[in-house]
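Dear colleague,

I am passing on a structure that I would be glad to have you look over.

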Amino acid sequence: MMNDRLRAVSGQVIAVAVALVMGAIIILMVGESPVRVFMTLLRGTFGDQAKIAGTLLQTTPILICGVAACIGLRGGMFNVGIEGQLFLGGFAAAWVGFAFPLPAGIHTLAGLALAVVAGAAWVAIPAYFRARYNTNEVVSTILSNYVAVLLTSYFTIFLFKRPGGWSETPPILPTAYLPELFDFSRLNWGLVIGLVLAIGTALVFRYTSWGYGVTMVGSAPKFAEYGGVNVKRQGFVVLLLSGAVGGLAGGVETLGVHHRFMEGFAPGFGFDGLIAALLANGSPVATIFTALFFGALRNGSLLLEVDTGASREIITVIQALIILSVSAQVLVRRRGDSQAGERRWKF
Amino acid sequence: MEILDKLVNVALIAATLRTTAPILLVALGGSFTTKAGIFNIGLEGQMLAGAFFAVLGSIWTGSAFAGVACGVAAALVFALVFAVLVVSFRANEVVVGLALNILAGGMTISLMKAIFGTRGSIVGQGIVGLPKVQLPGARAVLGSWAPLISGFTPIVYVAFIAVPLLVLFYNRTRLGLYIRVVGEKPEAAEALGISITRVRYTASLLCGLLAGLAGAHLSLGYITMFTENMSSGRGFMAVAILIFSNGDPLKVLAGCLLFGFADAFSLRLQTFGYPSYLVLTVPYVVALTALFALSYRARPKIIKETLALMQKLLSADRNTEPGGKHPS
């Protein structure tokens, strides 16, 4: 068993290496030196204390979104709508933060709670139709992302715009802040929330019968059904939970980092989270490390844009290449048994 | 009533045809993969790559048609990678499709920065747009209705002519039949000696061809510019249409006209001072509503099929019963 795990991990590492080589070729193609780009990325990631804190700050939303994606993947559901849930959760938390004066502590919890509710509510309709009528959840959640982003922009600019401000809501009250961990960075308790969530989710999947049922539905739905699992209801609940965690990610981001809701406040965290979860093969604990990797890339890319001519989107390219090579590489190994069977989310 | 007159007129219908064209092309492209039994969520990325490289080609060569060819070539490369991973390596098609979409988004932005040194969009720079085709005699025959058939770019005509061609393709050609067999009954295709791999590769590449054209229409058609993520979910809407049309060209056309109309209508509403953010959600909401409503409608079919299956099982059960206790 240990041997299996070692092989799986080494497979992912090889895939990442292949992707980095391909990324280097692309960097050469856009006329930059790969060595310089990677060194700048490293410097931007681990250069000093503040940079490391910055990396962890970027890791936080990716980790929480990654856990959201893991919950879906385990249950055989592709929640591609985490981005939208993140936006609505972020707005909901900010709204609680600036509109309702509450005592400190309770205020933060109320904001996060509404973020969770908003995320779950946003995925409820796609989840219902997926569970009841088998409507493809990939398409419905992707399309609802666009609606979510536009809707929160509408709320922000037409309903709650800060007077004189630039497409953002009024700042939230200090009582609703997620406390910061250090005084030299905006790094906050969100990271702790993310870590607890990841480990907690892993424990639930490992030690509870409910978690076992979810994993069963994800990997062998027929078997689970014969085993007495209500597959439809479980699919609904899994998507709802995934959406709730996605909403929480948004709440953590607005209450912990931005202290207000801004138009386009968290571009791509939802997709980064999904990619991190895929690279981790749906394991919440492994997602901690993949999220850290992507958080580091993201934080390093900020310096990249300042110090070199390359665009920070080059890291998006590298992430996509990683997923592509992971999906290809493991299947080379497993090609024999996958020819006959259906495609699985595990690649 | 007056406001309705202003909203719905010849110009709106002509605008509908214009906005329908890209989504129709990309959806018809997706019909190849859908019919061949591949769920292709990567349409969005192929379209985006097509749009970007069409602009690039048009700047480099100074010709709009060479630009279109560049766009199509880029989309074909994406389609080929998709086919290699999904067909040959049997990778998960959702994962590969999403990754290719993300790749297209990141790559176009990185290349834009590298080549033009700008973020956001490429405007001017010598982009050559597609010419408008004025059909001779249209004005004389149709008068003020002429804009309905004349004055579009060539790609719009290609899109609408492709619909009957695809109907013929699926019903009258060998390749069309092969694609359908591979999608519906892969075991039968295997038994007939049809190479599933080759057919699926062909379908993917045909899909890339049309998706590339759709992208070129976006960036060289009515507005000659490229903006970040300018396909803005049209590829995903096309996938929604493909799900409830099952890839049948005529149903695809009907769905696309609905979206083209929603698109054109929302543009129109914007000029009447409705909040643009809400108005822009209209096409996505229409897509979602259609997806949900039609899957709800498909419910009786599912129930009917389940009942038929149970009946078959029951009767099979009865037939195997010894002694034959048939009620007479």
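The model scores ipTM 0.88 and pTM 0.87. For chain B the mean pLDDT is 85, with 88% of the residues of that chain reaching 70 or more. Residues 320–328 of chain B have a pLDDT below 50, and beyond near neighbours in sequence this stretch makes 0 contacts in the model. Where pLDDT is low, the predicted coordinates should not be read in detail.

**The interface between the chains**

Between the two chains, 45 residues of chain A are in contact with 43 residues of chain B. On the side of chain A that touches chain B, at least two residues are supplied by each of the helices α5 (106–133), α6 (137–159), α11 (269–279) and α13 (314–338). By class, that side of chain A divides into 29 nonpolar, 12 polar and 4 charged residues.

Within chain A, helix α3 (residues 49–74) and helix α12 (residues 284–307) have axes that come within 7 Å and cross at roughly 135°. The crossing of α3(A) and α12(A) is right-handed. Among the residues that make the contact are G54(A), L56(A), I62(A), L63(A), G66(A) and V67(A) from α3(A), and among those from α12(A) are I288(A), A291(A), L292(A), F294(A), G295(A) and A296(A). The contact of α3(A) with α12(A) has 11 nonpolar, 9 polar and 2 charged residues.

I315(A) may be worth a look as well, and its place is in helix α13 of chain A. I315(A) counts as buried, because there are 24 C-beta neighbours inside 10 Å. Leaving aside neighbours within four places in sequence, I315(A) is in contact with L297(A), R298(A) and S301(A). The C-alpha atoms of I315(A) and L41(A) are 9.5 Å apart in space, although these two residues are 274 residues apart in sequence.

**Chain B: overall make-up and two helix pairs**

The secondary structure of chain B comes to 15 helices and 2 strands, and of its 328 residues 48% count as buried. Among the contacts in chain B with a separation of 6 or more, 74% are accounted for by residues 24 or more positions apart.

In one packing pair of this chain, helix α2 (residues 10–35) of chain B lies against helix α10 (residues 196–220) of chain B at an angle of about 170°, with their axes 7 Å apart. That angle makes α2(B) roughly antiparallel to α10(B). The residues of α2(B) in this contact include L25(B), V26(B), L28(B) and F32(B), while those of α10(B) include L206(B), L209(B), L210(B) and L213(B). The contact of α2(B) with α10(B) divides into 15 nonpolar, 5 polar and no charged residues.

In another pair, the axes of helix α7 (residues 154–172) of chain B and helix α12 (residues 249–271) of chain B come within 8 Å and cross at roughly 155°, so that α7(B) and α12(B) are roughly antiparallel to each other. Here V163(B), L166(B) and V167(B) of α7(B) meet P249(B), L250(B) and L253(B) of α12(B). By class, the residues of the contact of α7(B) with α12(B) are 6 nonpolar, no polar and no charged.

**Chain B: two residues with positive phi**

Two loop residues could be checked for their backbone angles. R90(B), in the loop between α4 (64–88) and α5 (93–116) of chain B, has a phi near 50°, a positive value in a residue other than glycine. R90(B) is buried, because 21 other C-beta atoms lie within 10 Å. S232(B), in the loop between β2 (225–227) and α11 (234–245) of chain B, has a phi near 35°, likewise a positive value in a residue other than glycine. S232(B) is partly exposed, with 18 other C-beta atoms within 10 Å.

Conventions
Residues numbered from 1 in each chain as written. Chains lettered and ligands numbered in written order. Predicted model: local features only at pLDDT ≥ 70, side-chain atom pairs only at ≥ 80, totals over all residues. Axes fitted to C-alpha atoms, helices over the stretch in contact; angles between N-to-C directions. Helix = DSSP H or I, 4+ residues; strand = E, 2+ residues; numbered from the N terminus. Parallel < 35°, antiparallel > 145°, perpendicular 65-115°, else oblique. Contact = placed C-beta atoms within 7 Å. Nonpolar A, V, L, I, M, F, W, Y, C, P; charged D, E, K, R; others polar. Buried ≥ 20, exposed ≤ 12 C-beta atoms within 10 Å, placed from the backbone. Left-handed = near helix turned anticlockwise from the far one by under 90°. pLDDT = per-residue confidence, 0-100.
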